[in-house]
Amino acid sequence: MTDNPNITLDMNRIPEHIAVIMDGNGRWATERGKERSYGHQAGVETVRRITSECTRLGVKYLTLYTFSTENWNRPADEVAALMGLVLTALEDELFMKNDVRFQVIGDIDRLPEVVQDKLQETIDHTANNKAMTMTIALSYSSRWEITRAVKNISTLVAEGKLKTEDITEELISRNMTTNFMPDPDLLIRTGGELRISNYLLWQIAYSELYFCDTYWPDFAEEDLHKAIASYQNRQRRFGKTEEQVESEEEN
Ligand code: IPE
Ligand code: IPE
Ligand code: MG
């Protein structure tokens, strides 16, 4: 059920895992004659709203692209503003009120120590929350993650702890930073760009993709419902035929 009479969601087919590329903060601010960081600030509000709505709908995993490896190349003042925002945004209330477990993926060692400490503190405080796992991808890129996995696996082989023939897709998945979550069912990108920008390349092999023009600060609960409705109107075939999938659904 949704509050918009035009969108009817099937509550039995809510995606278990939604991943989001939260894009458009900078343009949202620039169009208002403000600094880009004002857009990031507004984006934090959207994170709060969408996190609450996802728990209400029964989503189990929400994974938010917050800062990419490539974003380190932005002007120093914007990077600093973003780091400051991460610190203030990680308030317990959002997680405790919604029973949300917090996690982070990415090259955390590159972050300022105070941010690293705050992340760990929030992970620890929320470790027993059950309704949903909300993960932020911070200093994250998929190629960084895949490179790291290849290095880890090669080391095991070199040390004789793993045989080459034992390298499976499952083992590779376990060596990804996302090893505690299922692959995304639905990937949403706001802000109008039609690209993946180095996000979860391995994990989105069979995710349904949804792009919308809405800038992230303007992304409302209703926009989330539209994305989920679009997801629910698709048939996920995983390489099989329509007939095969339909007969499986009947059984
Ligand atoms: C996404 O918004 C947030 C981050 C990358 C940190 P942008 O800052 O990329 O906003 P646009 O794309 O410039 O509008
Ligand atoms: C992707 O957005 C990263 C995040 C949303 C955190 P970007 O705005 O950095 O992506 P590109 O550079 O336009 O592809
Ligand atoms: Mg952008």
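## Basis of the description

Two strands count as paired if DSSP finds at least two bridges between them, and helices (H or I, at least four residues) and strands (E, at least two) are DSSP runs numbered from the N terminus. By that rule, β1 and β5 pair in the parallel sense over four bridges.

The model is predicted, with local features needing pLDDT of at least 70 and side-chain atom pairs counting only at pLDDT 80 or more, while totals for chains, interfaces and linings use all residues. Residues are numbered from 1 along each chain as its sequence is written, chains are lettered from A and ligands numbered from 1 in the order in which they are written, and side-chain values use heavy atoms, without hydrogens and water.

## The sheet

Six strands form an open sheet with parallel pairing, in the order β3-β4-β2-β1-β5-β6. The edges are β3 (100–105) and β6; each has a single partner strand, so one side of each is left without a neighbour in the sheet. On average, neighbouring strands of this sheet are turned by 20° against each other, direction ignored (axes are lines fitted to C-alpha atoms, for helices over the stretch in contact, and angles run from 0 to 180 degrees between N-to-C directions).

Strand β5 pairs with β1 over four bridges, and β5 and β6 also pair in the parallel sense over four bridges. Within β6, L209 is the bridge partner of L187. L186 stands opposite E208 in β6, and V20 stands opposite I188 in β5. In a regular strand the side chains alternate between the two faces of the sheet. In β5, L186 and I188 point one way and L187 and R189 the other, and all are buried (buried means under 20% relative accessible area, exposed over 50%, partly exposed in between, with a 1.4 Å probe and protein chains only).

## Helices on the sheet

## Aromatic pairs

Rings of Phe, Tyr and Trp (its six-membered ring) pair if their centres lie within 6.5 Å; planes under 30 degrees apart count as stacked, over 60 as edge-to-face and the rest as tilted. The count by this rule comes to nine aromatic pairs. Y65 and Y140 have ring centres 6.0 Å apart and planes at 80°, so this pair is edge-to-face. Because Y65 lies in strand β2 (residues 61–68) and Y140 in strand β4 (residues 132–140), the pair ties together parts that are 75 residues apart in sequence. Y65 is buried at a relative accessible area of 7%, and Y140 is buried at 0%.

The ring centres of Y206 and F238 lie 5.1 Å apart with the planes at 55°, so the pair is tilted. Y206 belongs to the loop between β5 (186–189) and β6 (208–211) and F238 to the loop between α8 (221–232) and α9 (242–250), so parts 32 residues apart in sequence are tied together. Y206 is partly exposed at 48% relative accessibility, and F238 is partly exposed at 47%. Elsewhere, ring pairs link Y65, Y140, W144 and Y199 into a cluster. The charged end of K34 sits over the ring of Y38, 4.8 Å from its centre (NZ of Lys or CZ of Arg within 6 Å of the ring centre and within 35 degrees of the ring normal).

## Salt bridges

There are 18 salt bridges (a side-chain nitrogen of Lys or Arg within 4 Å of a carboxyl oxygen of Asp or Glu). E170 and R174 form one, with the closest N and O atoms 3.3 Å apart. These two residues are four apart in helix α7 (residues 169–174), which means a separation of about one helical turn. Both are partly exposed: E170 has a relative accessible area of 49% and R174 one of 47%.

D185 forms a salt bridge with R236, the closest N and O atoms being 3.0 Å apart. The pair links distant parts of the chain, 51 residues apart, with D185 in the loop between α7 and β5 and R236 in the loop between α8 and α9. D185 and R236 are both buried. In the salt bridge of E193 with R195, the closest N and O atoms are 3.6 Å apart. E193 is partly exposed at 24% relative accessibility, as is R195 at 45%. Salt bridges that share partners join D23, R27, R189, E193 and R195 into one network.
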